[in-house]
Amino acid sequence: MNIATHYPHEAEIIERCQESPTIFSLVLQLTDPAAAGQYRFTPGQFNMLYLYGVGEIPISIVSDPARPGQLIHTIRDVGRVSHGFSQLRVGDRIGLRGPYGRGWPLERMEGRDIMIVTGGLGCAPVVSVINYILRRRERYGRLVILQGVKHSNDLIWRERYAEWEQQDNTQVLLAADAGGEPWPGFIGPITVLFEHARFNPQQTIAMMCGPERMIHASADVLIERGSRIEDIWISMERNMQCAVGQCGHCQFGASFVCRNGPVYRYPEASELLAKRGF
Amino acid sequence: MPNDNIASGFLPGQDLALLLTALAGQGYRCIGPTVRDGALVYDSLDGVEDLPSGVHIQQSPGSYRVEFNQGKRLFDWANGPQALKPLLFAPRELLWQVERSADGQLRFTQQTPESAPTAVIGVRACDLAALELQDRHFLETEIPDNCYGVRRHQLFLVAVNCTRPAETCFCVSTGDGPSARHGYDLVLDELDDGFIVQSGSARGNEILAQLELQPVSAQQRNAAADATAQAVDMQSRQLPGRNLRDQLFANLDHPHWEEVATRCLSCGNCTSVCPTCFCYRELEQPALDRESSRHYREWDSCFTQGHSYIHGFVVRPDTRLRYRQWLTHKLGGWHDQYGRSGCVGCGRCIAWCPVGIDITKEVSAITAPPE
């Protein structure tokens with residue numbers, strides 16, 4: 001049974017966590033044992049979550065692929081459907097179909113140093129990778145995490161960043177365009193962090209998500225520092241409705257973000273990235 | 001009865017009804033062009049008398065007019081606003097529905113549309129080319145579209161080679177017309193006194209075998225070839241090349257995009273009549289008793305505000321960006337995605353644009369080498 005089709009399957013909310021005033025996580029379990037047994041995903045892929053009577057939205061899966069029975073989705077209360085999800089409680093039923101798209105190149109990354117660059121609140125697609133690497137720490141080299149936010153209050157999961165920082169051979173750097181107190185990071189755009197990051201550009205695979213201009217600027221710095229353009233991977237966001245490359249909303253140049261992405265090798269997307277209107 | 005080796009023959013005009021009878025005998029519902037509401041539309045045919053005898057159509061930028069003359073020909077026109085698209089990719093249809101029980105459990109049911117074997121009479125070469133592209137989009141993919149597929153597999157296509165292109169037609173420049181070359185079950189050349197019928201498939205052979213066909217004379221073959229040559233000569237519009245991908249993407253900041261935007265109403269007529277445009281939106285219709293909900297899809301257009309919406313942000317907020325998206329995708333991105341341009345030269349977007357924007361002129365302006 002493949003549930004990455006055109007219509008959803010029932011899933012139950014088995015846990016709910018309020019991450020910040022507007023961000024929450026839902027832990028979902030498919031109620032059909034056959035569907036649940038078949039379900040497998042890769043970090044970076046997403047599900048379409050359906051709110052009864054309202055509609056569907058694409059949400060990244062942030063949990064570990066080794067536990068496909070409990071799918072964690074971190075959602076920001078920003079639109080009609082996500083607001084509805086914010087009102088649900090443990091035991092409530094929603095629809096789920098997926099996983100869709102191309103995830104992060106986890107096998108290709110083995111043995112390499114890893115740099116994670118994220119901006120704004122769009123860090124969910126890479127949180128799954130960070131957790132994935134930390135649970136399999138011996139397979140990867142150095143881990144550098146760069147996170148930029150507009151305002152220091154926007155940073156969620158502060159304790160997780162603190163925890164990640166304690167790991168061996170791991171560096172965490174934070175930047176905020178505007179900082180309140182207390183702020184453990186730097187003030188300025190995310191690119192200021194590269195001066196403080198200790199990494200070997202030739203040995204590092206970079207994974208980025210967040211605002212496209214941030215990705216663009218960060219990729220420029222990495223390439224200038226000697227990273228190979230093929231070693232930079234990014235996750236894109238566009239309007240997604242069908243999730244199977246048919247409805248046309250996520251069209252990005254000559255690709256469908258839902259099917260050919262959301263994870264791209266940087267050269268596949270760089271031509272039109274941050275180009276207004278694409 | 002002719003032997004099975006005959007793949008073509010001449011069908012006298014008065015015997016065209018036999019074709020419809022043969023198709024009906026094989027269980028096909030016949031659809032064909034008929035005049036309604038001032039345009040040629042595909043609708044159910046009760047008989048050959050429903051076909052548009054003596055109808056001619058004047059098309060020009062922003063204009064479509066049906067004219068009646070004394071002629072006896074049935075296919076003496078270029079096209080109507082519809083291609084095959086609405087017959088396969090329905091303008092609106094139910095995808096799935098969900099029932100909610102009193103304790104909140106959800107039960108989802110996928111919908112498969114009801115579909116009867118359908119024969120379409122009078123299909124144009126441009127529309128066959130578009131169909132092939134829509135097949136690639138909806139069917140030749142990892143997760144094929146069920147609704148489209150159910151209808152597509154029951155479709156019988158009777159093409160008619162075009163002898164009177166409209167002023168808006170440019171299928172010669174896209175390489176898709178005026179004659180149908182493949183993708184049909186039967187193809188007709190209309191002559192003054194009848195049709196040269198030729199089969200293009202095994203199913204076509206079966207129908208052909210039931211018709212009382214006469215041998216085609218050299219004179220008839222020449223008449224058909226002359227009509228095709230004339231249809232080629234009649235076309236005055238053209239795109240400046242078959243693959244404009246690199247030229248368009250090299251000119252994303254060309255001032256002409258803005259110039260088009262001052263005229264374009266962003267109404268989406270072009271995408272509705274375009275036989276290859278495939279965008280659709282998904283929408284929800286909950287029942288009033290709150291116990292069930294239906295999930296539909298309906299045609300969408302990259303000219304709408306909602307098309308590029310993501311969490312509080314619109315990727316293409318203005319008409320310049322939307323027109324550029326449409327054109328760079330249709331004539332650019334399609335080459336990478338589907339192996340060719342998404343334009344088949346039918347000219348519908350020119351005729352049905354309320355302000356007469358002409359894709360051939362706009363593209364030429366944008367891709368012209370700097371002076």
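Trainee: What order do the strands of the open sheet in chain B take?
Mentor: The 7 strands of that open sheet in chain B run in the order S1-S11-S10-S9-S8-S2-S3, with mixed pairing; strands here are DSSP runs (E, at least two residues), numbered from the N terminus, and two of them pair if DSSP finds at least two bridges between them.
Trainee: Which strands stand at the edges?
Mentor: Strand S1 (8-12) and strand S3 (39-44) of chain B do, and each has a single partner strand, so one side of each is left without a neighbour in the sheet. From one strand to the next, the twist averages 25 degrees, with axes fitted as lines to C-alpha atoms, for helices over the stretch in contact, and angles running from 0 to 180 degrees between N-to-C directions.
Trainee: How many bridges join S1(B) and strand S11 of chain B?
Mentor: S1(B) pairs with strand S11 (residues 194-199) of chain B over 5 bridges in the antiparallel sense, and B:Gly9 has B:Val197 in S11(B) as its bridge partner.
Trainee: Which helix packs on the sheet?
Mentor: Helix H1 (residues 16-25) of chain B packs on the sheet, and among the strands that helix H1 touches are S1 and S11 of chain B; contact means that C-beta atoms, placed from the backbone, lie within 7 Å, and helices are DSSP runs (H or I, at least four residues).
Trainee: Before we go on, where does the model come from, and how is the numbering done?
Mentor: The model is predicted, with local features needing pLDDT of at least 70 and side-chain atom pairs counting only at pLDDT 80 or more, while totals for chains, interfaces and linings use all residues. Residues are numbered from 1 along each chain as its sequence is written, and chains are lettered from A and ligands numbered from 1 in the order in which they are written.
Trainee: And chain B as a whole, how many helices and strands?
Mentor: Chain B has 13 helices and 15 strands. Its radius of gyration is 22 Å, close to the 21 Å that the globule rule gives for 371 residues, so chain B is as compact as a globular protein of that length; the radius is taken over C-alpha atoms, and the rule is 2.2 Å times the number of residues to the power 0.38.
Trainee: Switching to chain A, what domains does the assignment give?
Mentor: The assignment, automatic or from a database, gives domain 1 (9-100) and domain 2 (113-269) of chain A, whose C-alpha centres lie 22 Å apart. Their contact takes 16 residues from domain 1 of chain A and 17 residues from domain 2 of chain A.
Trainee: How many residues are in the contact of chain A with chain B?
Mentor: That contact takes 34 residues from chain A and 39 residues from chain B.

Methods. Contact = placed C-beta atoms within 7 Å.
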